[in-house]
Amino acid sequence: MTESFHRSGEYQNPYEGQQQAPVNPEWPPPPAYAPAHAPHPKKRGRGPLALIAAVAIVAAAIGGGTAYGIQELTGNDTVASSSTSTNVVPSSQKGTVAGVAKAVSPSIVEISATSNAGSSTGSGVIITSGGEIVTNNHVVAGASRIKVTTSDGKSYTAKVVGTDSKKDLALIKLENASGLKAATLGDSAGIQVGDQVVAIGSPEGLSGTVTSGIVSALDRDVTVPTEEGQDQGQQQWGQGQGQGDQWPFEFGGRQFNGDTGSDTTTYKALQTDASLNPGNSGGALIDMNGNIIGINSAMYSPTSQASSSSDAGSVGLGFAIPINTVKADLAKLRAGSTD
């Protein structure tokens, strides 16, 4: 193809006036000539959308690995805690009671406490690999000797680190323990009525017992004796019989499992129909992802004071201290509180 110019400098198209072949829209022809210096495309600034996307990615990464990352960076005595629902259960068993039991049972212990009033059996939750364990205050308060048995059958002696009778919580520490499997503490603020839950504890000394149910209600006002009123409760219910969960409590204006006495405290509890029996106190209430959402603290058993412990049984009316209450109290317990 040739091109020609008039002397005036005007460009003349040699095909002007001729019928041109149709152009395939999928293959547009290159331009007749390229500019000598094609301008470079301007770089787009990192605007708000890009920044938001970057923050979201980082947040997602942190949310999924908070418990592990913090524990690795700060040491073994850091509590594995999750502000979201960390998936502790293997994906192949996610949402199953069997999966929750397998994943969490190694973090639940049996507690045997001996005092002047007798002996009792309860449960506890390992929160650090070095042997820190959360349980109920009424399981260990006044104890002169505490023996803890882990899920693999090993026994340890434990000492009370701190207690909070107003929330019925206690922190104990195993002696010469290491390499234990710590539970992941979840977020009880996101719990809804009807959520499926699993309870693990040592009812009647049967360690590692697993039951399941749902969350029946939220924010139930449960009243229990403080440490000062404990001796009366122990004598009434004979802790020598091992009735750890027969601890007297008041709910809905009625007293259960005996007289709570005059010195009491009230806390907000999760209500569950998961079967709780004597010995479940201090054990774990767990969501279906394997996160601890509560510490089992009280259960109603339709027995009279004259009945033996063998007559006791769960009727689907159990209560647990929300795990967010526990997490908020940990610093105080670690500091050696004796409230």
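Threonine 272 is found in strand β13, which covers residues 264-272; strands (E, at least two residues) and helices (H or I, at least four) are DSSP runs, numbered from the N terminus. The model is a predicted one, in which local features need pLDDT of at least 70 and side-chain atom pairs count only at pLDDT 80 or more, while totals for chains, interfaces and linings use all residues. Residues are numbered from 1 along each chain as its sequence is written, and side-chain values use heavy atoms, with hydrogens and water left out.

Is threonine 272 buried or exposed? Threonine 272 has a relative accessible area of 0%, so it counts as buried (under 20% relative accessible area; exposed is over 50%, partly exposed in between; 1.4 Å probe, protein chains only). Its side chain reaches the backbone oxygen of isoleucine 214 at 2.9 Å. Neighbours within four places in sequence aside, threonine 272 is in contact (heavy atoms within 4.5 Å) with residues including Val197, Ile214, Leu285 and Gly316.

I turn now to threonine 223. This residue lies in strand β10, residues 209-225, and it counts as buried because its relative accessibility is 11%. The side chain of threonine 223 makes a polar contact with the side chain of threonine 266 at 2.7 Å. Such a contact is a pair of N or O atoms within 3.5 Å; within protein, one must be able to donate a hydrogen and the other to accept it, and residues adjacent in sequence count only if both atoms are side-chain atoms.

As for the whole protein, there are five helices and 16 strands, and 44% of its 339 residues count as buried.
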